[in-house]
Amino acid sequence: PSDPGVTVMPNPQNGTGSILAQGVATTSAVVVYGPVAGINQQVEIRGLVFNNESATATTVTYGAGKAGTTAGAAGTSQGKTVPIGAAGATTAIVDATELEEIVLGPGDYVWVQAGANSAVSYMLNGIVY
């Protein structure tokens, strides 16, 4: 559209789907993907899944942040903290569905943080335009 105030969603047919990041979350809020590079690049989040590999239940905190903000800082990102069960429990896997379809622009990022004494793995996938 010609209206500069209208955000146009990217067309999935014009992007490349891939695993954007995977690893083990630390007890500090850490950027796991981003910042998105390139003035014209956009990334649509399609999934963020956590798996607790620890013997005890813990928490996992995650979010998406805007360019120029600090990962995990109050008021600077879209995020939340959720409980995650011990390894082998039906609650040991968390699917961060509220981040699905968020479009990251230049400088934006995704961050994660695990609770103390835990090993929480993550996998982030999306479409790069």
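Start at glycine 107, which sits in the loop between strand E7 (103–104) and E8. This is a predicted model, so treat every position that follows as computed. Follow the chain back from glycine 107 and you'll find glycine 68, 39 residues away in sequence, yet the two C-alpha atoms are separated by 7.2 Å. Leaving aside residues up to four places away in sequence, glycine 107 touches Pro35, Val36, Lys66 and Ala67.

Take the contacts between residues with a separation of 6 or more: 83% of them join residues 24 or more positions apart.

Four of them make an open sheet in the order E2-E8-E4-E5, with antiparallel pairing. E2 and E5 are the edge strands, each pairing on one side only. Going from one strand to the next, the twist averages 25°.

Let's zoom in on E4. On one side, E4 pairs with E8 in the antiparallel sense over six bridges. Valine 60 stands opposite alanine 114 in E8, and tyrosine 62 has valine 112 in E8 as its bridge partner. E4 is also joined to E5 by eight bridges, and these two run antiparallel as well. There, threonine 61 stands opposite threonine 81 in E5. In a regular strand, side chains alternate between the two faces of the sheet.

How enclosed is E4 by the rest of the structure? Largely, because seven of its eight residues are buried. For the chain overall, 39% of the 129 residues count as buried.

Is threonine 58 buried or exposed? Its relative accessibility is 13%, so it counts as buried, the cut-off being under 20%. Not counting residues up to four places away in sequence, threonine 58 touches Asn52, Val82, Pro83, Ile84, Gly115, Ala116, Ser118 and Val120.

In soluble globular proteins, nonpolar side chains tend to be buried together. Here the largest nonpolar core has 26 residues, and Tyr33, Leu48, Phe50 and Tyr62 touch the most other members. Which strands each supply at least two residues of this core? They are strand E1 (16–25), strand E2 (30–33), strand E3 (43–52), E4, strand E5 (77–84), strand E8 (109–114) and strand E9 (120–128). Tyr62 is the residue that has valine 112 as its bridge partner in E8.

Tyrosine 33 is worth a look of its own. Apart from residues up to four places away in sequence, tyrosine 33 touches Leu20, Ala21, Val43, Leu104, Tyr109, Val110, Leu124 and Val128.

The accessible surface of the protein chain comes to about 6,800 Å², and carbon and sulfur atoms account for 53% of it.

Notes:
Residues numbered from 1 in each chain as written. Predicted model: local features only at pLDDT ≥ 70, side-chain atom pairs only at ≥ 80, totals over all residues. Heavy atoms only, no water. Buried < 20%, exposed > 50% of the residue type's maximum accessible area, 1.4 Å probe, protein only. Contact = heavy atoms within 4.5 Å. Core = buried A, V, L, I, M, F, W, Y, C linked by side-chain atoms within 4.5 Å. Helix = DSSP H or I, 4+ residues; strand = E, 2+ residues; numbered from the N terminus. Areas by Shrake-Rupley, 256 points an atom, 1.4 Å probe, with all protein chains shown as cover. Pairing = 2+ DSSP bridges. Axes fitted to C-alpha atoms, helices over the stretch in contact; angles between N-to-C directions.
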